[in-house]
Amino acid sequence: VEQHVAAATVHHRPAQPERRGPLELGRRGPAEALAGGGGAGEELLGYPRSALIGKSDYDFFPREQADFFVSKDRAVLENGVVIDIPEEPIATPAGTRYLHTKKIPLTGPEGKAEYLIGISEDITERKLAEQQKFALLQAEAAREEAEKVADRMALLSEQANEANRAKSAFLANISHELRTPLGAMLGFAEL
């Protein structure tokens, strides 16, 4: 568990919305000082710890994404409940990454949520593997469907050939059946 938590992005945010940032560790003190988050967050976002201190989600993410993060933070702080976000796409300098995030309220002496801690696991590789698996399953299903169509076409072709052979046999038989009596009638007609 310790390795899992150490590898995850950990961020801790104070209750004041204007002071929240993506990877901040908030500590209450006389000046409400904020310190940067863990190394995993630096690696994920591609910014040094010093660039994270005192920043908000809006400094690192598109507005729509930052609004989503802030709304989840507010829900945790207002309701004092854990929020689990199974899949959260984020824009990073290296491209889109997918995180599984849990936001956990930290209560003060009066029992009210004053801070939150967010633990995010980068699930990008798992997400990509799932997408590849899905694509492979779709390709396999398409291949199986193509094989069924090819088998059906072969059966229909064989049935058409059989019908053609039956037609040819029928016409040959009818021709013979018609020629025999006609030949006799022509023979009698010549007499």
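Me: Why is Phe-68 called partly exposed?
Reply: The relative accessible area of Phe-68 is 34%. Buried means under 20%, exposed over 50%, and partly exposed is what lies in between (1.4 Å probe, protein chains only). So Phe-68 counts as partly exposed.

Me: What makes Phe-69 buried?
Reply: Phe-69 has a relative accessible area of 5%. That is under 20%, so Phe-69 is buried.

Me: What kind of model do these values come from?
Reply: This is a predicted model: local features need pLDDT of at least 70, side-chain atom pairs count only at pLDDT 80 or more, and totals for chains, interfaces and linings use all residues. Residues are numbered from 1 along each chain as its sequence is written, and side-chain values use heavy atoms, without hydrogens and water.

Me: Why is the pair of Phe-61 and Phe-69 called edge-to-face?
Reply: The ring centres lie 5.0 Å apart, with 80 degrees between the planes. Rings of Phe, Tyr and Trp (its six-membered ring) pair if their centres lie within 6.5 Å; planes under 30 degrees apart are stacked, over 60 edge-to-face, the rest tilted. Both conditions hold, so this is an edge-to-face pair.

Me: Which residues make up the largest nonpolar core?
Reply: Eight residues do: Leu-44, Leu-45, Leu-52, Phe-60, Phe-61, Phe-69, Ile-90 and Leu-99. A nonpolar core is a set of buried Ala, Val, Leu, Ile, Met, Phe, Trp, Tyr and Cys residues joined through side-chain atoms within 4.5 Å. Another core, of six residues, lies apart from it, with Leu-77, Ile-83, Ala-113 and Leu-116 among them.

Me: How do you know that Lys-127 lies over the face of Tyr-98?
Reply: Lys-127 is 5.3 Å from the ring centre of Tyr-98. A charge sits over a ring if NZ of Lys or CZ of Arg is within 6 Å of the ring centre and within 35 degrees of the ring normal. Lys-127 therefore meets the distance limit, and it is listed as over the face.

Me: Which residues does Val-82 touch?
Reply: Leaving aside residues up to four places away in sequence, Val-82 touches Lys-103, Ile-104 and Pro-105. Contact means heavy atoms within 4.5 Å.
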